[in-house]
Every structure is written in C-alpha cells, then in structure tokens.
Amino acid sequence: MSATAPLTLSIEGMTCASCVRRVEKALAKVPGVAAATVNLATETARVDAAPGTLPSALEAAVEAAGYAAHLQAADAPATPRAPADSARGGPVALAALLTMPLALPMLGLLWGEHWMLPGWLQWLLATPVQFVCGARFYRHGWAALRAGSGNMDLLVAIGTSAAYGLSVWQLLVHGDGHGVHLYFEASAAVVTLVLLGKWLEARAKRQTTEAIRALQALRPETARVLRDGVEAELPIAQLALGDLVVVRPGERVPVDGRIEDGASHLDESLLTGESLPVAREAGARVIGGSVNGEGLLRVRTSALGAESTLARIVRLVETAQAAKAPIQQLVDRVSAVFVPVVLVIALATWLGWGLAAGDWAAATLHAVAVLVIACPCALGLATPAALMAGTGVAARHGILVKDAAALQAAQGLRVVAFDKTGTLTVGRPTLVALETLAGGDRDAALAAAAALQAGSEHPLARAVLQAAAGR
C-alpha cells in the first residue's frame, strides 16, 4: 500500500451517531482514501489519504451526504464549533417561556385543579415552538432524508409534527369542547427539552477542549528577536530557524532552541513533570513553553510551529481525544441501523394499535412516544465526550494519554509506579526544618539567611524568603 498522509476536516451539521456513520461512509468512497474516522464531539474527521488526493474531493463527498466540510490547517486545534442554533440560549429560553403555560396544567391535576387553557390559546403558544424554535429539526431532518438516510432530528421532527398535527385536527373537527384531547403541550415540551439538551451538549463540547487551549496558551504570542544587533518584538509566526531570541527572567521561552549565551534555571514541568527548575547554560537545549528563572538568555531557534515540542504535545492530546475507543465500534454498529429500525417500530406500533383497537388517535400517540424517546443523540455523543473529558482532565494535570484504547484499558489498572518523586510534588520547594548550632537563635539565623538571599530568584532562595516572611 502506498504511503498516506493524514488530513483533518471540520464537519458541520452532525447531530447524532447516524450522522457520524454517514460521513465516514461518504469519505471512504473517495478514491485514494485509506481510512476515515469522524468524531462527533470535536466535529472533525481524520482522513488517511494517498498523496495527491484533493481536499476539494473530500469536501464535495461530505456535502453530497448532506453536511458541510472544510479542511483544517495542519497545526489548527481540533476544537469543536458548536452550531449557531445550538450554542445560542435564545431559542431555548423562548421555547421554555412558551411551553411553561402549556405544561403547568399537568401539575395542577396533582391537586385536583383544572387549569387547562382554551384550545386556540394552546395552538397559539405551541405553533412558534414547533416551527420557529424547532425549525432546526426540520432543516437537518430534511437534509438527512435527501441523502437517503435518517438522524435524530428526523425522529424529533416526525414525532412532534404528528402530535401537533393530531391536536390541530382534533381542534378543527371537535372544536374547544369538553373532553377533546389536545397534545400541544407534548409536542412543545419535546422540542423544548431536546433544544435544552442540544444547548447543554454545545457547552460540554467547548468545555472538553479547555485542556488543548490551556496547552496552547503556554506558548507566548510574540518573541524578542535580535537581528543585526537590534532587538525587536515580533509575532511567533514571523520567526525563522536560526533567529536569536532574547528571553528575560520570569518569561516563557517562546521557541525550541539552544542557549547561545547566558545561564539560568528553567521550569520544564510541562514536558518532564519534574517540579524543581533545572539548571541550563550555554549549549543546552530549551523547550518552548518552559519558564525562565533568574537569568537573561539568548536562544538560537531550532524548531518552529508544528515541529515544536509543545505543538507535538498538543497534537498528541488532540489525537487521543479524537480517536475512537474499542467500545465505540459497538456504538457505530448500532447507530448504523438505529434510525431505520426506530421508524419501522413506530410504524408497526401505529398500525398495531390502530387496527387492533380502532382508535387511531391513541395509535398516533403511541407511535409518537416511540419516536421521541428513541433519539440516539446520547448514544453517539456519550463515548467521545467521555474520552475528551478524560484526556482533557489528565492533560491539565500533566498526564498525556497515548490513545483512546490506552485510556479504556486504564480502567483495569490496580498499581501505578512512579520513577521519581518530583512528579508528585506541588511544584515549589518549601523550608520544612531549620537547625542551628547549639544555643543558636533560629529566628536570627533565618533572618540572616533571608537577608543574604533577598535579591535572588533561585527557587531555594524564594523558599527561605517565604519561610522568613511567615515568621
């Protein structure tokens, strides 16, 4: 097999595990594609394609399946972009405000109160919820239908439309009389609850990528570069290999490189996990993102952009978050047939109740119940969201997970061995004991030591100063 190169696409419009399966199949059919993996939580697709495969062909295949796709830059983070209609809380708030008067009468029945609104008023409240707040279900459901498939939005659209349509028919035929069964509150409540779930889902997606954003924030946006004897502050993107970068005490090292001049202690815990700063002098390698201690350094740049150590760490976390765990394979197999099976069961329920009891209104309600409770949203989102949350929390604590399979296997761990104690400390030394010669004044000795080290930025000097300030 010829060598392949990974490409990353941003996918827009996916709502459930069925969408994931459909996008993967569409990408796999493109000539030159060896494998395609789609992640619902990050809304990205990783494609292993032969050299020469046009990104436009991949984008066209995804669009033909009913979605939108855009090629991501090689060093772009795989952060999800929540769809605008899911991320905004306005439609959710409007739907909840209109649904509340419809749902409150059900609570009144618990105390024997009959607060049921007139039928025409129920229709007036439910209509904007169904067709304005719930318009996204019709759009995405129709897109799936045109692509010859189904998704969660199609189930919600069919189920709530059936309940709404039955209520309108009852209202037109029987009027507003006593005993007429209207189900506007059911259709409105389902739309509102699913919209709320979508909004919470969008928030969860953003929160699960905080670890990647935190890692990227470790690299400064600018660097002080010494060119022709003149020091200038330039964006990182304008740096070139071999540039001489000046790093002042207390600053983060902006690039990977080698120290040309100066000596200092650097906090490299982002890579090594070692809490104590390590001594670095001329000729030593430094890592972009590490923190310079007390000395002024001049660093010759050796790696930039996607080739830097920090960028490779970010890619490792992204790969672990986007990869599919072995258990996800079961989810994919189920989701491939989930929506068609639910539609068949709903149709069988409707025919069964209608033919057996002759009550087609009740049959419609039972079929609607099958549709609205069988939405596979959580089925497709739970596993990738859990993986993203797990790898994200681990990354914030300095633990990098190789891939999703390793994270799934970690649940069987019973013993963990650490090769050095430095990885388990709080990251700064403290003075825990003070011993003097016989008869010596400990406070006086501590005060003298603090006075001697008052101008030092060394970690041990800061520990002595903090102990003295505490006394």
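Modeller: The largest nonpolar core holds 43 residues, of which Ile11, Met14, Val23, Leu27, Val47, Tyr67 and Phe137 touch the most other members; such a core is a set of buried Ala, Val, Leu, Ile, Met, Phe, Trp, Tyr and Cys residues joined through side-chain atoms within 4.5 Å. Apart from it lies another core, of 14 residues, including Val253 and Leu266. The model is predicted, with local features needing pLDDT of at least 70 and side-chain atom pairs 80 or more, while totals for chains, interfaces and linings use all residues. Residues are numbered from 1 along each chain as its sequence is written, and side-chain values use heavy atoms, without hydrogens and water.

A search of the whole structure finds eight salt bridges (a side-chain nitrogen of Lys or Arg within 4 Å of a carboxyl oxygen of Asp or Glu). In one of them Arg224 pairs with Glu251, with the closest N and O atoms 2.3 Å apart. Because Arg224 lies in strand 5 and Glu251 in the loop between strand 7 and strand 8, the pair ties together parts 27 residues apart in sequence (strands are DSSP runs of E, at least two residues, and are numbered from the N terminus). Arg224 is buried at 19% relative accessible area, whereas Glu251, at 23%, is partly exposed (buried is under 20%, exposed over 50%, partly exposed in between, with a 1.4 Å probe and protein chains only).

Glu231 and Arg248 form another salt bridge, at 3.2 Å between the closest N and O atoms, linking strand 6 to the loop between strand 7 and strand 8, 17 residues apart.

Definitions and conventions
Helices (H or I, at least four residues) and strands (E, at least two) are DSSP runs, numbered from the N terminus.
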